[in-house]
Amino acid sequence: IVAPIHTTMLKTEFDVLFVFSCMVDLIFFIDLCLQFFIMYHKQSDFGSAMETRHFYIVKHYLKTWFFVDFVSVIPFDFLSFITESDSGKTIKAVKVIRLLRLLKLARVMRASRIIRRLEVRQSVSYGRLDLLKFFAILCMITHWLANLWALTLVLVDESDGVPRWIDAFNELEKDSVQKTANTPWRLYITCLYFTSYTITSVGYGDIGPVNIVETIVAIVMIIISGISWAIVLGQVCGIVASLDSDERDFRQTMDELNFMMSDRVMPWELRRRLRSFFLSNKMAQRRARYQHIISSMSPGLQGEVVMEINRKWIQKVSVLNQLMAEINNPKLSETFSGFVVEVSLRMQSAVHAQGEYFGQPHLLYILIRGLATHNRRIRRSGAVWGDDFVLSDISLVQASQAFALTYVELTTLSRDCFLQLVESYKDACPELARRVRRFCGWLAFQRALLKEAKRRRREAGYIADSDEADARGWSKGSSASWQSVETGGSR
């Protein structure tokens with residue numbers, strides 16, 4: 001940013017900017033020396049590898065970036081200053097050669113490691129990152145072309161007796177103390193103004209070339225700005241169109257749904273329910289894509305992510321909570337935590353529309369979103385039931401049927417899948433199978449005891465009907481009172 005301004009608009013003087021420029025030249029020179037010893041990537045039969053042989057490192061650098069780096073570290077300002085010669089400041093060829101220092105910026109743009117560090121440290125939306133990148137590129141091109149237009153005043157000096165574009169300001173600034181030609185910040189703003197309307201093709205026409213050098217530079221600027229503006233506009237339009245791919249896919253699905261309902265002449269009430277379901281199901285589809293992301297992780301990262309997501313409901317499932325209590329045990333922590341992670345990965349998603357009955361025995365249910373009634377209770381987001389799914393005797397299992405008061409999203413785990421996982425850990429950790437069997441035996445004993453107590457109370461006349469019939473009747477009664485609840489509502 002500073003080098004073009006220093007090259008085209010400022011005079012070489014011993015000041016802070018001069019010292020800073022010399023320090024930059026020194027840093028670039030050190031970097032030039034280090035490049036002879038830095039390994040580079042090369043293609044081999046088995047993929048990309050690092051070249052470690054010093055001879056090939058030097059050869060590669062001399063063939064690629066050595067010339068650019070060498071030209072960029074030549075201290076033209078310092079040589080001109082120490083010789084106290086005005087020729088070094090007036091020769092236009094030297095001014096042009098000094099522009100070669102800008103080639104060093106190409107090496108800086110290749111430093112993708114900085115972008116990668118930013119990606120690791122913070123969440124980056126690549127669509128927005130690309131928008132910022134193209135905006136920065138457009139600003140940088142505008143800046144460089146503004147300095148290129150200012151360079152025409154150096155290439156055609158006032159003493160040459162040739163008209164220049166800056167001469168048009170002499171009449172306008174005849175009563176002004178600060179002239180645009182002699183004030184760097186005013187000159188830069190004027191050049192930036194000319195470059196901006198050249199890039200955007202506005203073309204006010206109040207500034208234009210008046211000699212052959214300025215005409216050539218203007219032609220170059222028009223070609224560069226036209227190509228750059230077309231590329232940036234095309235890329236930005238494509239990025240904006242793909243910023244929210246989930247929303248685009250959802251709208252396409254909704255359009256297809258509306259077309260199908262219209263083509264099949266479905267009733268208006270059914271159409272309303274279908275639209276309501278798909279609108280509520282939008283987040284469930286996104287969660288399904290999250291599972292694909294988790295499956296692409298390493299086993300260790302999968303465990304950490306799954307435990308962080310599912311820790312809340314794991315603590316509500318008795319059998320899993322007891323296993324997680326052994327995490328601090330160094331002999332069992334790795335196996336038990338791995339088992340819990342496998343259980344979390346085997347969970348299946350399910351959705352139900354408002355007014356639907358659902359629930360099967362030998363299934364564990366976790367309510368992710370919505371409201372449902374189960375066992376004469378209102379279940380909210382995060383509720384867990386069916387944690388007795390490990391029992392084989394259905395008569396000892398509590399009623400699992402529930403009623404959807406709103407659109408609901410659930411996660412389920414079957415008994416067969418759970419026992420298969422236990423069996424797979426049988427050889428690696430026999431203690432896990434023993435813990436599960438012990439839990440099943442103790443839970444079966446508790447349920448059998450409660451079942452016998454209820455049977456005796458029923459025989460004594462204390463209970464008129466079964467709890468299951470009461471639960472079903474309460475659910476049906478609740479259905480009428482919750483019809484006004486908006487589909488997909490979440491608590």
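1. Arg164 sits in the loop between α10 (126–155) and α11 (168–172), helices (H or I, at least four residues) and strands (E, at least two) being DSSP runs numbered from the N terminus. Arg164 counts as buried because its relative accessibility is 9%; buried means under 20% relative accessible area, exposed over 50%, and partly exposed in between, with a 1.4 Å probe and protein chains only. Leaving out residues up to four places away in sequence, Arg164 touches Leu153, Val156, Asp157, Glu158, Val210, Asn211 and Glu214, contact meaning heavy atoms within 4.5 Å.

2. On the basis of the analysis: residues are numbered from 1 along each chain as its sequence is written, and side-chain values use heavy atoms, with hydrogens and water left out. As the model is predicted, local features need pLDDT of at least 70 and side-chain atom pairs count only at pLDDT 80 or more, whereas totals for chains, interfaces and linings use all residues.

3. As to the overall architecture, the protein has 491 residues, of which 35% are buried, and its secondary structure comes to 22 helices and 10 strands. Of the contacts between residues at least 6 apart in sequence, 70% join residues at least 24 apart. The protein exposes about 30,200 Å², with carbon and sulfur atoms supplying 60% of that area, as given by the Shrake-Rupley method with a 1.4 Å probe, where for residues only the protein chains shown count as cover.

4. The largest nonpolar core has 36 residues, of which Trp313, Leu320, Phe339, Leu364, Leu413, Phe418 and Leu432 touch the most other members; such a core is a set of buried Ala, Val, Leu, Ile, Met, Phe, Trp, Tyr and Cys residues joined through side-chain atoms within 4.5 Å. At least two residues of this core come from each of α17 (299–314), α18 (318–324), α19 (333–345), β5 (363–369), α20 (415–424) and α21 (430–459), and α21 gives the most, with six. Apart from this core lies another, of 19 residues, among them Leu138, Ile141, Trp165 and Phe169.

5. Gln354, in the loop between β3 (348–352) and β4 (357–358), counts as buried because its relative accessibility is 18%, and a polar atom of its side chain lies 3.2 Å from the backbone oxygen of Leu405. Leu371, in the loop between β5 and β6 (372–374), is buried, with a relative accessible area of 1%, and its C-alpha is 9.3 Å from that of Glu409, although these residues are 38 apart in sequence.

6. Most residues other than glycine have a negative phi. Val265, however, has a positive phi of about 50°; it lies in the loop between α14 (245–263) and α15 (268–280) and is exposed, at 66% relative accessible area. His362, in the loop between β4 and β5, has a positive phi of about 65°.

7. The structure holds 10 salt bridges, each a side-chain nitrogen of Lys or Arg within 4 Å of a carboxyl oxygen of Asp or Glu. One of them joins Lys42 to Glu51, the closest N and O atoms being 3.0 Å apart; Lys42 is partly exposed at 27%, whereas Glu51 is buried at 3%. Glu431 and Arg434 form another, at 2.8 Å, and they are separated by about one helical turn because they are three residues apart in helix α21. Also in α21, Glu452 and Arg456 are four residues apart, and therefore about one helical turn, and their side chains meet in a salt bridge of 3.0 Å, N to O. Glu452 is partly exposed at 28%, while Arg456 is exposed at 54%. Through shared partners, salt bridges join Glu452, Arg455, Arg456 and Glu459 into one network.

Note on methods:
A polar contact is a pair of N or O atoms within 3.5 Å; within protein, one must be able to donate a hydrogen and the other to accept it, and residues adjacent in sequence count only if both atoms are side-chain atoms.
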